[in-house]
Amino acid sequence: MLSKRLTLRGIDVDCANTGAEALVLVEHMRYDVAILDVKMPGIGGIELEQKLSVLAPGMKFIFLTGHGSETDFEIGSVEAAYYLAKPLQIERLIEILNEVTE
Amino acid sequence: MIERLRQIFGAIWPVFYRQDNDRLNPYFTFTDYRQIWTVVISVLIANALVPLLAITIIHYQLIQKSVDSELIFRTERLVSNARRAMTFFLEERLDALRFSVNEIGYDQLTNPNHLTVILRNLKLGFGGLTDLSVIDPTGIQVAYAGPFKLEGKNYSNQIWFIECQKRNIYVSEIFRGYRDLPHIIIAVKSIRPDGTAFFLRATLETERLIQTLSSHETGAHADIFLVNRSGIIQTPSKHHGNIFEKMMLPLPSFSPRTQAVMATDEQGQSIITGYAFITTQIADTPFILMVIKQKAGMMGVWLELHSNINWFVGFSIMVVILVVTITCTLMVNKLYQADRDKAETMAVMEQNNQLASIGELAAGVAHEINNPLALINETAGYVKDLFAINEQYHKDKELIEYIDYILEAVERCGTITKQLLGFARKFDVNIQMVNLKEMILDVLNFHNKEAEYRNITVQVDVPQDNLEIKTDRGKLQQILLNLVNNAFQAVDKGCCLNIHASYNGTDKVGITISDNGCGMPQDNLSKIFEPFFTTKERGKGTGLGLAITYGLVKKLNGDISVESKENEGTTFTITLPTRIHEEVTEDEGSIGR
């Protein structure tokens with residue numbers, strides 16, 4: 001659903017349902033940004049990030065988490081990657097996307 | 001003055017007497033400390049005092065008994081001595097008369113000159129005689145020797161004469177008679193050789209008798225006097241009536257021996273009455289010898305001993321009561337304090353456990369809800385996007401509005417779940433030096449506009465500008481923010497908010513945030529840190545703010561407490577360590593994981 005909304009806003013989106021699918025996609029395409037759920041079946045978000053950054057250096061990451069408080073977000077933001085707490089506001093996501101890809 | 005007394009009283013008054021805290025009651029081992037206190041004190045005091053009192057009473061009774069018998073014995077001895085003296089006095093004179101009538105004979109006796117000689121000799125030999133007279137059987141006085149002119153007087157119808165005729169010998173009681181002087185008549189009857197009777201009569205002065213009696217008086221407490229058989233006082237009495245009047249004491253019943261008994265006098269005082277009916281070997285007399293002793297006076301020494309014992313016993317009782325009371329109060333106080341500490345710990349533990357389990361539950365629920373919430377959010381967002389693009393719906397403001405309602409609701413739900421997770425989660429601790437004053441001013445910056453707009457005065461009172469503590473900046477900020485938020489919601493226009501921070505002991509700082517707003521009832525105070533407890537309208541508050549604050553303060557190894565009075569305001573007090581130890585906070589975590 002998120003991918004459809006981003007597509008509507010003129011962003012090219014490919015959607016992977018699992019970490020494995022994502023790895024396959026990265027092998028075939030070059031992406032600017034990966035939006036990852038921290039908790040996923042199979043490979044988790046953090047682990048996937050490490051694998052993806054090996055495959056595609058320079059790719060930015062945005063984490064979505066359903067298990068985060070605002071404080072979490074503040075702390076997360078201090079580090080390089082972005083954390084966004086679910087449910088997220090699409091406008092905020094777009095903002096951050098612009099920020100990281102500028 | 002009264003206030004001061006009350007203070008002193010309050011200091012020694014047992015703590016448990018003001019049983020204050022209903023909240024802790026379920027955790028106490030013993031419920032009624034007043035009862036324990038009273039029972040323990042009464043049992044101990046009884047235990048100590050009963051034997052003491054029993055011994056004292058027994059001792060008193062023994063003393064009383066021995067004193068009584070001693071007094072009676074002494075009185076009896078006195079009575080007996082006095083009686084012997086009295087008897088001897090009378091017998092001596094009666095014998096003298098008998099000797100005279102038998103020796104001298106009627107003819108010589110009736111010779112007045114001779115009679116005067118006899119009187120003089122008797123006076124020399126025994127003393128105490130006033131006159132002497134001889135009376136013939138018809139009662140006519142035939143001869144008289146003495147100071148009065150009584151010759152020829154007729155005694156035939158006088159009692160003494162009638163009695164003497166019957167009994168041959170007579171002793172009268174003391175009376176005034178014709179001459180108006182107290183005197184005693186003694187008379188003996190004799191028979192002349194021709195068979196006719198005649199009587200020799202003598203009058204005795206009472207001085208000698210009284211002297212004899214008073215020589216036996218021992219001390220001021222004894223009263224010795226004679227009464228006749230109808231209770232008329234014969235010789236002067238000190239306390240028990242005037243002479244020739246009725247004695248104020250009851251007349252003792254006849255006894256052939258000397259007697260002493262306990263009694264009470266007309267004023268109700270304890271006395272010992274000793275008495276003897278005086279009889280001589282040759283004649284009865286109308287006299288009863290009375291010896292009255294004031295028991296109180298006699299018992300002077302014993303009474304002193306009594307009073308010494310009383311003082312000692314009284315003092316002992318005071319000491320026992322004092323020591324028992326103080327000891328019991330201290331012990332029960334200690335017991336109570338220990339119990340209260342235990343109860344407090346249990347209460348805190350239970351609250352913590354409650355908060356922890358609620359935290360876990362909340363985190364679980366929040367997490368489970370977050371995912372479907374995200375789905376709703378994305379779906380509704382996508383639908384909105386579609387509407388925005390689609391010409392057909394683009395103009396339909398109402399439709400977009402509905403979608404926005406959904407998104408708003410989702411956002412609100414999101415806020416709640418985020419807070420829940422914040423409440424439950426254990427997050428990393430980021431410790432650094434924090435300047436409290438700056439921190440407080442930073443936090444207040446968020447509210448500057450609101451304060452201005454609502455005309456709320458905010459005072460920051462931090463005496464030390466450089467008051468720094470080592471703690472987690474983010475958490476402290478959130479704590480302060482939450483509490484200031486809370487205060488702003490509680491106060492009305494024109495109210496005042498006061499923030500104070502200072503050292504509170506060597507390694508602790510205290511921060512108080514007080515407002516003079518609406519306050520809250522005591523009932524709510526205990527629940528205020530519980531999650532989901534809110535006094536706001538339904539849907540306005542999550543009831544998590546203070547619960548989170550509580551968790552955060554605990555995470556910083558601190559304490560938070562609240563005092564409030566309805567319509568007077570609320571004060572939150574936070575105590576934080578100046579230096580937080582990282583390891584402790586990592587391990588500790590009663591709330592969430």
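Q: What does pLDDT tell you here, and how does chain B score?
A: pLDDT is the predictor's confidence in each residue, from 0 to 100. This is a predicted model, and chain B averages a pLDDT of 82, with 92% of the residues at 70 or better.

Q: What scores does the predictor give the complex?
A: The complex gets an ipTM of 0.72 and a pTM of 0.48.

Q: What makes α15(B) mostly covered?
A: A residue is buried if 20 or more other C-beta atoms lie within 10 Å of its own. In α15(B), 10 of the 11 residues are buried. Among them are L546(B), I548(B), Y550(B), L552(B) and V553(B).

Q: Why is α5(A) said to lie largely in the open?
A: Count its buried residues: of the 12 in α5(A) the number is one, so this helix is largely in the open.

Q: How do you know how the length of α5(A) compares with the expected span?
A: Helix α5(A), residues 90–101, reaches 16 Å from its first C-alpha to its last, close to the 16 Å expected at 1.5 Å a residue.

Q: What else describes chain A?
A: Chain A has five helices and three strands, arranged along the sequence as α-α-β-α-β-α-β-α. Of its 102 residues, 23% count as buried.

Q: How do α13(B) and α15(B) cross?
A: Two packed helices are described by the angle between their axes and the distance between the axes. For α13(B) (residues 473–490) and α15(B) (residues 545–555), the axes come within 9 Å and cross at roughly 145°. The crossing is left-handed.

Q: Which residues meet where α13(B) and α15(B) touch?
A: On the α13(B) side they include I479(B), N482(B), L483(B) and N486(B), and on the α15(B) side they include L546(B), T549(B), L552(B) and V553(B). Sorted by class, this contact has six nonpolar, six polar and two charged residues.

Q: What makes the phi of N557(B) worth a look?
A: Most residues other than glycine have a negative phi. N557(B) is not a glycine, yet its phi is positive, near 60°. You'll find N557(B) in the loop between α15 and β15 of chain B.

Q: Why is N557(B) called partly exposed?
A: Buried needs 20 or more neighbours and exposed needs 12 or fewer. N557(B) has 17 C-beta neighbours inside 10 Å, so it counts as partly exposed.

Q: Is N567(B) exposed or buried, and how do you know?
A: N567(B) has 9 other C-beta atoms within 10 Å, so it is exposed. This residue also has a positive phi, about 65°, without being a glycine, and it lies in the loop between β15 and β16 of chain B.

Q: Why is Y405(B) called exposed?
A: The cut-off for exposed is 12 or fewer, and Y405(B) has 11 other C-beta atoms within 10 Å, so it is exposed. Y405(B) is in helix α10(B), residues 397–424.

Q: What makes R167(B) partly exposed?
A: R167(B), in helix α5(B), has 14 C-beta neighbours inside 10 Å, so partly exposed is the label. Its C-alpha is 8.3 Å from that of K189(B), 22 residues apart along the chain.

Definitions and conventions. Residues numbered from 1 in each chain as written. Chains lettered and ligands numbered in written order. Predicted model: local features only at pLDDT ≥ 70, side-chain atom pairs only at ≥ 80, totals over all residues. Axes fitted to C-alpha atoms, helices over the stretch in contact; angles between N-to-C directions. Helix = DSSP H or I, 4+ residues; strand = E, 2+ residues; numbered from the N terminus. Left-handed = near helix turned anticlockwise from the far one by under 90°. Contact = placed C-beta atoms within 7 Å. Nonpolar A, V, L, I, M, F, W, Y, C, P; charged D, E, K, R; others polar. Expected span 1.5 Å × (residues − 1).
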